[in-house]
Amino acid sequence: MMLSFKAFLSILFIVLSSADASPLRHDAGKATLSFAARVNARGAVNVAAADRARAQAMKQASFKGKRAGGSSFSIINAVVTYTAQVGVGSPATEYTLLIDTGSSNTWIGASTRYNPTSTSVDTGNTVAVSYGSGNFSGEEYTDTVTLSTGLVITEQSIGVASNAEGFDGVDGILGVGPTDLTEGTVSNLIAVPTVTDNLYSQGIIGTEALGIYFVPTTASQSAGELTFGGHDGSKITSTVTYVPLTTTSPASYYWGIDQSISYGHSIILSETAGIVDTGTTLILIASDALSKYQTATGATMDETTGLLTITPGQYARLQTLTFKIGGKAYNLTPNAQIWPRSLNTDIGGDSDSIYLIVSDIGSNSGSGLDFINGYAFLQRYYSVFDTTNNRVGFATTPHTDDMSN
């Protein structure tokens, strides 16, 4: 059960600074916000089990329909999470919200109470979402939401929690996933516009897209960026290559794409559907594909961390892991395939061991959601989530081939 992961929360928090601390940069219908990385060790964490629980809950939620009955999945137990200081109301009260591309409701009130102001309107609707190991319920309001100076949304739908469980240390969620994920969560409404929807409809951004730039946690410069309205050309070293969203369910309920994976010259996962997800720490692949990867690398399972481990000799012989997406190859070097060694003890591992960041999704290929490209992939490639054109894009960055792990 995902409740067993409640104590894990996060070992890595990516903190999106508030307006005063984090400069907002406008560029032709875009707005870019910087965020910084910090390590928050919480003791031994079975990283793979936490990710796998999230993956299975996402599958189960989609099989029930697009958030039918307000069902969702665990986000607060993710090993990597992202928080933003978001202002609500006028004058604004700041709330610390989890940023998630795998959910779409924005809500507050888990810790800091909501303070209605002159811009607050109680719609009379109720809202409820279950996140596996946590949940909230309450009322829907519309209000002014301030992400930063110059990035202000009016009449944004927000949930105001009268009851919230499992969200210690944060006030709620800033949902930046597909709009369809709000279906069935608010009474009297089919769906509600997301923050990104309203940034676009109110003319603040020119394209309904979100660019995300991560940096390996151990890199010398560990700052990252969120770009609303497109991508930041200064952070990429190639053009952004886009692929259409998959039509295969249940991956199609999220930011789903089609890809194949090869290790060296051997295909370990034929082209199939999966998702790109900021709330997943590792790269998860179908059980049969992981078996091929484990055999090829000679890795053994470490029960404490849930990760595959290899010897220095096996690391020296590690081959490139290639993700073929839309006909383009995205390579993970041997160094990109291992957990940062300086953080081994933060997940209960041995400081001298070498752990792989590819893990088991918990089911064989053919499920309709056969992989998740999580943070371990996204810290090496810039990603763009484009709602306007129903596509996801990737580009190389200065950190694609980093040796920092």
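Visitor: Which side chain meets that of R54 in a salt bridge?
Guide: A salt bridge is a side-chain nitrogen of Lys or Arg within 4 Å of a carboxyl oxygen of Asp or Glu. Side chains of opposite charge can pair when their charged atoms come close. At 2.8 Å, N to O, the partner of R54 is D277.

Visitor: What is left out of the side-chain values?
Guide: This is a predicted model, in which local features need pLDDT of at least 70, side-chain atom pairs count only at pLDDT 80 or more, and totals for chains, interfaces and linings use all residues.

Visitor: Are R54 and D277 buried or exposed?
Guide: Relative accessible area decides: buried is under 20%, exposed is over 50%, and partly exposed is in between (1.4 Å probe, protein chains only). R54 and D277 are both in one class: buried.

Visitor: Which residue does the side chain of T280 reach in a polar contact?
Guide: T280 sits in the loop between β15 and β16. T280 is buried, with a relative accessible area of 0%. A polar contact is a pair of N or O atoms within 3.5 Å; within protein, one must be able to donate a hydrogen and the other to accept it, and residues adjacent in sequence count only if both atoms are side-chain atoms. At 2.7 Å, the side chain of T280 makes one with that of D277.

Visitor: Which residues does T280 touch, not counting those up to four places away in sequence?
Guide: Contact means heavy atoms within 4.5 Å. With residues up to four places away set aside, T280 touches D51, R54, I372, G374 and Y375.

Visitor: How many salt bridges does the structure hold?
Guide: D386 pairs with R391, with the closest N and O atoms 2.8 Å apart. The number of salt bridges in the structure is three.

Visitor: What is the relative accessible area of R391, the partner of D386?
Guide: D386 is buried, at 2%. R391 is partly exposed, and its relative accessible area is 25%.

Visitor: Which residue of β24 is the bridge partner of A209?
Guide: Two strands pair if DSSP finds at least two bridges between them. β11 (residues 209-213) and β24 (residues 381-386) pair in the antiparallel sense over four bridges. In β24, A209 is partnered by D386.

Visitor: How many of the five residues of β11 are buried?
Guide: On one side lie A209, G211 and Y213; on the other, L210 and I212; both faces are covered. β11 is largely enclosed by the rest of the structure because its buried residues number five of five.

Visitor: What angle does the direction of α3 make with that of β18?
Guide: An antiparallel open sheet has the order β17-β18-β21. β17 (300-301) and β21 (354-355) stand at the edges with a single partner strand each, so one side of each has no neighbour in the sheet. Helix α3 (residues 287-297) packs on the sheet and touches β17 and β18. With axes as lines fitted to C-alpha atoms, for helices over the stretch in contact, and angles from 0 to 180 degrees between N-to-C directions, the angle is about 15°.

Visitor: What is omega for the cis peptide bond from S90 to P91?
Guide: Most residues other than glycine have a negative phi, and most peptide bonds are trans. P91 is in the loop between β4 (80-88) and β5 (93-100). The S90 to P91 bond is cis, with omega near 5°.

Visitor: What is the phi of N188?
Guide: N188 lies in the loop between β10 (172-175) and α2 (195-201). At 70% relative accessibility, N188 is exposed. N188 is a residue other than glycine with a positive phi, near 70°.

Visitor: What share of the 405 residues is buried?
Guide: The chain has five helices and 25 strands. Of its 405 residues, the buried share is 60%.

Technical notes. Residues numbered from 1 in each chain as written. Heavy atoms only, no water. Helix = DSSP H or I, 4+ residues; strand = E, 2+ residues; numbered from the N terminus.
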